[in-house]
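This report covers helix packing in one protein model. How do the helices meet, and which residues make the contacts?

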Amino acid sequence: MARGAEKRSRGILLHKTLYKESSLVLDFLGEEGLLVVSSRLVRLGKGAGDALLYEEGQESELLLEEGRAGGLRLKEGRSLDLPPKDFKGLSALSFMASASWLALPAIEGRRLYPVLSHLRKTLLEGGDPLMCALLLLAFLLKEAGYGWMVDGCLRCGRKSGILALSPEEGGFLCENEDLPEDSLRGVPLLWTARLLFKGDPLRYEGDAVAREDGKRLLLALSAHFERSLGKRIPGTKVLLAAIDG
């Protein structure tokens with residue numbers, strides 16, 4: 001693009017940063033990957049688009065203009081839908097945007113966009129907020145090379161007799177192994193963990209996860225995310241509180 005040239009795109013806002021008191025730097029995830037866009041700060045109804053466009057987790061149509069040194073400026077924008085009306089949905093959407101933003105340096109944005117867009121759409125259509133967040137977290141970890149081993153025992157490779165999940169070690173353990181105190185057990189929980197890492201998130205249609213199992217997995221995956229990528233996801237406690245509420 002040449003300076004002043006325009007292009008249309010679509011993106012999900014992952015992060016926004018105040019810049020020089022009157023401008024914002026907006027980080028959108030789109031089909032081509034990460035788009036870093038500058039915009040005037042929205043104030044008193046003035047800005048380059050409707051107010052929802054500036055909410056993290058929102059998906060919008062964008063008209064971008066190339067500025068100095070090849071940077072992109074938001075000329076116009078239009079949000080494509082309304083955010084969730086309930087606190088659970090809003091908390092899940094914010095959590096998913098934050099986790100995606102933190103994981104982006106370690107994964108390919110073009111692979112993430114269709115997954116995040118699908119899970120976001122499913123969430124807006126009534127899908128389980130907890131399951132949407134879990135599927136997104138598992139995808140991010142798998143893409144970054146830190147997925148849990150759920151094909152068999154991570155110590156001996158045995159396929160049968162799987163008894164527990166060790167979040168610290170990163171996978172399943174069988175009945176022949178000494179189980180750490182923090183291991184997670186229960187057939188439904190182990191089945192869900194395997195689904196998260198072996199299933200296709202693009203085929204998720206909104207089914208709910210058992211609440212207590214889902215909460216335990218969310219805590220375990222968030223801690224694994226922090227250990228692996230060195231970044232803590234803000235909003236984990238808020239999402240858990242919303243699920244309980």
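Leu-130, Ala-133, Leu-134, Leu-137, Leu-140 and Leu-141 of helix 3 meet Arg-211, Gly-214, Lys-215, Leu-217, Leu-218, Leu-221, Ser-222, His-224 and Phe-225 of helix 5. Contact means heavy atoms within 4.5 Å. By class, this contact has 10 nonpolar, 3 polar and 2 charged residues. Ala, Val, Leu, Ile, Met, Phe, Trp, Tyr, Cys and Pro count as nonpolar, Asp, Glu, Lys and Arg as charged, and the others, Gly among them, as polar.

This is a predicted model: local features need pLDDT of at least 70, side-chain atom pairs count only at pLDDT 80 or more, and totals for chains, interfaces and linings use all residues. Residues are numbered from 1 along each chain as its sequence is written, and side-chain values use heavy atoms, leaving out hydrogens and water.

The average pLDDT (the predictor's confidence in each residue, from 0 to 100) is 93 for the protein, and 95% of the residues score at least 70. Over residues 43-47 the pLDDT is below 50, and this stretch has 4 contacts in the model beyond near neighbours in sequence.

The protein holds 6 helices and 9 strands. These are DSSP runs numbered from the N terminus: helices are H or I with at least four residues, strands E with at least two. Along its principal axes, the C-alpha trace spans about 65 × 35 × 30 Å.

Two packed helices are described by the angle between their axes and the distance between the axes. Axes are lines fitted to C-alpha atoms, for helices over the stretch in contact, and angles run from 0 to 180 degrees between N-to-C directions.

| Helix pair | Angle | Axis distance |
|---|---|---|
| Helix 3 (residues 129-143) and helix 5 | roughly 30 degrees | within 10 Å |
| Helix 1 (residues 87-103) and helix 6 (residues 236-244) | about 160 degrees | 9 Å |
| Helix 5 (residues 211-229) and helix 6 | about 180 degrees | 11 Å |

Angles under 35 degrees count as roughly parallel, over 145 as roughly antiparallel, 65 to 115 as roughly perpendicular and the rest as oblique.

Helix 5 is roughly antiparallel to helix 6. Arg-211, Lys-215, Leu-218, Leu-219 and Ser-222 of helix 5 touch Thr-236, Leu-239, Leu-240, Ile-243 and Asp-244 of helix 6. The classes here are 5 nonpolar, 2 polar and 3 charged.

Helix 1 and helix 6 are also roughly antiparallel. Phe-87, Lys-88, Ser-91, Ala-92 and Phe-95 of helix 1 contact Thr-236, Val-238, Leu-239, Ala-242 and Ile-243 of helix 6. That contact has 7 nonpolar, 2 polar and 1 charged residues.
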